[in-house]
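Thanks, everyone. Let me put the model up, and then we'll walk through it together.

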Amino acid sequence: MKRYDAIVIGAGHNGLTNAAYLAKAGLDVLVVEKNDYIGGAAVSRELYDGWTYSNCSYVCSMMRQVLHRDLDLGRHGLMLIPYLGTINFGDAGNALISYHSKSAAYNELKRHSRHDADAKLRIRADLTRYALIIRKTLLRTPPDPAWMRIRDIRELLFLAKQFWSLGEKEIYEYVRFFTLSAADFLDEYFETDLIKASMASSGIIGTALGVHSPGSSYILLHHVMGDVDGNVGAWGLARGGMGAISKALESALRSFGGAVRSEAEVVRVLVRHGRACGVVLANGEEIHSKIVVSNLDAKRTFTKIMDKRDLPPGIFEKASKYKFHGSSGKVNIALDALPKFTGVPDNPYVNRGSQAYPGSMHTLERAFDCWKRGRFSDVPFIESVIPSAWDPTVAPPGKHWMSNFIQYCPAELSDGPWTPEKRDAFGQAVVERIEAYSPGFKDLILHMEVRTPHEIEQEVGLTEGNIFQGELTIDQLLFNRPFPGYAQYRMPVKRMYMCGSSTHPGGGVSSACGANAAREILLDLRKPSTVPEDDCDDE
Amino acid sequence: MNSAPDFSLERALPTPFHARTQAFNLEGRWSSWNGYLAAEQYFDAELEYFKVRNACGIYDISPMQKYHVSGRDAEAMLNRMVTRDVTKMRVGRVSYVLWCTGAGRLIDDGTIFRLAEDAFMLTCGSPSTAWLKKSAIGFDDLVIKDKSDDLAALSFQGPTSCAALRCMGLDGIEEVRPFEIRRFELGALRFMASRTGFTGDLGYELWVSAEDALALWDALYAAGEDFGIHPFGEVATNMLRLEAGFIMPGAEFNEALKTIRFEHDQTPFELGLDSMVDFKKPHFNGRTALLAESKRGPRVSLTKLDIEGNKPAAGSFIYNSKACRRDVGYVTSGIWSPVVKANIAFAMIESKHISGELWAHINYEKELRHYSKIARCQIKQSPFYAPQHAKLTPPADF
Ligand SMILES: Cc1cc2nc3c(=O)[nH]c(=O)nc-3n(C[C@H](O)[C@H](O)[C@H](O)COP(=O)(O)OP(=O)(O)OC[C@H]3O[C@@H](n4cnc5c(N)ncnc54)[C@H](O)[C@@H]3O)c2cc1C
């Protein structure tokens with residue numbers, strides 16, 4: 001019977017990246033995926049004739065450029081394209097527009113507050129400084145401070161050097177920054193509520209934190225540390241939808257001789273003599289391999305597909321407590337035409353990019369209150385993007401696809417399990433909120449896909465529908481991700497590894513987790529690494 | 001009395017499309033080209049670049065020089081002037097051509113359109129009336145007309161360009177093959193379309209009388225709206241053409257007739273354009289010198305480089321070792337390519353060093369501090385970006 005060099009469980013973008021790098025190193029690799037499509041949360045599917053929805057992730061900025069280049073993903077069909085314009089709607093029916101040109105951006109802020117227009121330049125410099133340091137860690141394996149092998153010491157020194165380069169005062173600021181709430185952080189810069197709210201919303205996307213919760217300032221940074229062609233903080237679209245990233249990765253993997261099998265759900269990892277040696281599929285089929293890599297989140301990996309008896313004591317409990325909160329929903333809408341927004345100029349560089357509905361700091365916090373009580377937010381924060389206004393491939397000419405990301409939506413409701421009716425009510429709350437700023441919006445709707453954490457968990461297998469495969473709080477970051485002692489992509493069982501977003505550097509479509517894991521695996525196999533170093537030195 | 005200064009003759013002239021293009025040029029970023037205003041960029045060069053790679057973009061190429069060459073001797077005259085075989089061109093076809101001095105130095109490149117058996121249009125970037133006249137000596141049945149000011153032109157490029165033109169009502173545009181010409185009539189509007197361009201993508205060039213220019217723009221823009229249409233300028237063009245591997249006068253070569261210093265111009269072989277020189281045809285300008293060079297091999301060679309890191313190498317010296325002891329060439333154009341995700345460049349390198357190691361010494365700046373790095377270069381044989389969809393007939397919708 002055939003024995004693969006490696007089996008990767010899950011064809012999420014990290015699993016595919018991992019497999020591609022293993023295959024590039026000459027390993028015979030098989031990826032097994034439970035769904036009949038690949039990509040996990042980086043997926044695009046046609047659910048309505050002529051429309052391609054990116055069902056989960058919808059914008060791209062974290063994808064490591066050096067991996068894109070190294071795997072030649074352009075040749076495999078991937079093109080990342082920019083889009084312009086963000087409108088932030090306030091409770092009073094007012095709007096704050098993020099213009100692309102520097103002068104317009106400044107003038108717009110000045111219209112709200114001269115003070116804040118200046119402060120925006122200062123916060124930009126501060127955030128970029130913080131981001132440049134984090135960026136340097138993305139394609140590196142976190143050191144294990146408890147182990148202190150030569151590599152760990154080297155990596156710790158690397159981190160120390162980065163921090164020292166900030167200068168003493170900034171080191172204190174940076175450390176403090178990690179523990180702050182988005183609200184406290186922004187209070188140090190701004191006086192205008194809508195300006196604060198428009199920035200604070202980045203601190204809550206995907207997380208079960210409110211704008212006043214400590215730690216939300218890091219989430220804010222997590223959302224501005226990416227780049228599009230070197231423009232740090234900018235977000236772009238993948239032409240053809242986020243699924244195009246997964247497709248290009250699959251194509252790269254196949255070009256190195258790797259294979260992908262869909263509709264192959266793994267129910268158990270085979271372990272013999274303390275070593276992983278294959279997987280068992282739902283249909284009972286066994287596939288054997290020398291190593292096994294899991295793209296699933298850490299909770300699923302440890303508690304669903306491992307036999308508890310194969311794990312050292314305590315780990316199962318630790319994994320069960322790995323922090324996960326479903327807090328986000330997604331509503332994809334097919335539109336008959338471009339929506340129009342009240343009080344927004346008919347300027348194609350602003351009125352068809354993204355629209356955000358923070359309302360105010362108070363409204364954002366109230367939205368969080370609903371979540372805490374086990375309800376979806378009645379006045380939710382929404383980030384809408386209209387990819388079809390920039391990408392001609394995702395909707396018919398003249399028609400549009402609007403992607404809406406919603407914060408907050410709980411995985412479990414206080415009044416009992418999710419039902420299709422409750423799901424539709426959630427979708428309706430979203431539509432109503434948009435309609436208030438875009439009269440006539442409802443009449444443009446041709447089709448809707450509403451996804452609560454419940455659907456996201458069922459389809460993608462993200463526990464609780466948590467978009468990051470586990471909360472991005474400081475206790476679950478860097479060498480603590482997913483939990484101390486297991487941050488270097490290795491599992492307690494020999495020859496078994498993790499490569500999903502539960503590992504450093506966390507959630508988002510970056511390919512970094514998959515690539516880092518491949519580097520560690522190849523190190524264990526004593527093979528030369530095929531994973532490139534990041535070229536952040538150029539920044 | 002104070003009177004306002006009269007700058008009217010000091011200004012570059014508006015092209016026939018200026019009334020439309022100026023609305024998009026938000027920061028007044030104009031340069032000039034052959035006496036006309038040309039947009040350097042409209043809003044954001046990278047956005048404009050992506051319109052072409054992802055949807056469709058319009059570039060106002062009206063300042064290009066356009067000459068009608070007709071008469072029974074037209075074919076022979078052009079064949080004597082350019083290095084490719086014009087007699088092989090069928091009516092309705094376009095051909096990329098080069099012309100050289102007697103010493104085989106490149107004067108300019110351009111395109112020849114065969115409009116009829118005895119009628120051609122020659123287009124090029126720089127004025128060439130004098131050289132055409134000189135090249136016409138000895139050919140009697142020949143009329144050369146400079147149509148540069150009478151003909152307006154748009155380059156309409158990108159994966160959705162064919163779909164947009166179909167939507168505009170150009171029936172049959174999808175059957176037009178690369179380098180083919182077709183004429184269209186839309187009501188009173190008459191124009192010529194050729195499947196040509198300078199971007200390596202699917203695309204067309206539309207040629208129309210200056211009077212009808214705005215009508216063409218409006219019809220095209222209205223149809224293009226749902227296909228992502230946007231004007232693009234010179235900066236985007238430069239990125240696009242470099243990715244496609246096309247050379248540009250003033251970057252990869254200095255026009256021979258304007259070159260002051262000995263051999264600061266180039267030959268077609270130095271530029272890697274060997275296949276554009278046809279020694280099988282009868283005598284043409286520069287033949288003897290070029291034949292000698294082809295036997296000897298060019299002294300320097302234009303080379304496509306993929307350079308490590310992401311700092312564009314424009315203006316860098318190229319060395320044959322990391323120690324940078326001996327420079328063996330220089331970068332002629334270099335950019336970060338957003339679609340290839342690579343640091344790409346053209347470099348002119350001493351031919352004998354092509355097979356060895358190549359390193360670029362790149363200077364760059366961060367917040368007013370100067371930095372430099374030595375980056376390894378890899379030679380690329382084929383164009384950096386050559387998408388399949390550009391070659392299909394009929395083209396896909398996007
Ligand atoms: C609604 C939503 C919006 C988001 N928006 C963005 C965004 O705009 N930009 C961004 O960068 N990030 C965004 N994210 C986050 C990002 O999409 C994820 O962090 C990332 O895609 C996770 O990738 P992964 O490869 O680590 O894991 P996953 O994508 O979770 O892949 C895991 C794979 O394993 C498969 N699987 C599960 N169980 C089994 C089994 N037993 N056997 C076999 N296969 C199995 C799953 O089907 C899936 O294909 C969003 C996420 C969500 C949910």
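What domains does the assignment of chain A give? Domain 1 is 3-80 + 240-322 + 471-524, domain 2 is 84-111 + 328-409 + 412-451, and domain 3 is 114-233. These bounds come from an automatic or database domain assignment.

Ground rules, quickly. This is a predicted model: local features need pLDDT of at least 70, side-chain atom pairs count only at pLDDT 80 or more, and totals for chains, interfaces and linings use all residues. Residues are numbered from 1 along each chain as its sequence is written, chains are lettered from A and ligands numbered from 1 in the order in which they are written, and side-chain values use heavy atoms, with hydrogens and water left out.

Now the domain 1 and domain 3 pair in chain A. Their centres, taken over C-alpha atoms, are 27 Å apart. Domain 1 of chain A puts 27 residues into the contact, and domain 3 of chain A puts in 28. Contact here means heavy atoms within 4.5 Å. The two domains bury about 2,300 Å² between them, with 57% of it on carbon and sulfur atoms. Buried area is the accessible area, 1.4 Å probe, that two parts lose on being put together, summed over both. Look at R64(A), F479(A) and Q488(A). They supply 24% of what domain 1 of chain A buries against domain 3 of chain A, more than any other three residues.

Next, the ligand. How many residues surround the ligand? The count is 35, and the closest are E33(A), A41(A), V59(A), S501(A) and G508(A). The cut-off is a heavy atom within 4 Å. By class, that shell holds 18 nonpolar, 14 polar and three charged residues. For the classes: Ala, Val, Leu, Ile, Met, Phe, Trp, Tyr, Cys and Pro are nonpolar, Asp, Glu, Lys and Arg are charged, and the others, Gly among them, are polar.

A polar backbone atom of G508(A) sits 2.8 Å from a ligand oxygen. For I467(A), a backbone N or O atom is 2.9 Å from an oxygen atom of the ligand. For G40(A), that distance is 3.3 Å. A polar contact is a pair of N or O atoms within 3.5 Å. How much of the ligand does the protein cover? It covers 97% of the 1,000 Å² of accessible area that the ligand has on its own. Areas come from the Shrake-Rupley method with a 1.4 Å probe. The elements giving two or more residues to the shell are α1 (13-24) and α15 (453-460) of chain A. Helices here are DSSP runs of H or I, at least four residues; strands are runs of E, at least two; both are numbered from the N terminus.

On to the chain interface. Here 34 residues of chain B contact 27 residues of chain A. About 2,500 Å² is buried, and carbon and sulfur atoms give 53% of that. On the chain B side, F43(B), N54(B) and K341(B) lose the most area to chain A, together 26% of what that side buries.

Last, some backbone details. Q407(A) and Y408(A) are joined by a cis peptide bond, omega about 15 degrees. Y408(A) is in the loop between β18 (400-407) and α14 (420-437) of chain A. F376(A) contacts several residues, including Y408(A), C409(A) and P410(A).

Conventions
A polar contact is a pair of N or O atoms within 3.5 Å; within protein, one must be able to donate a hydrogen and the other to accept it, and residues adjacent in sequence count only if both atoms are side-chain atoms. Lists of a residue's contacts leave out its neighbours within four places in sequence.
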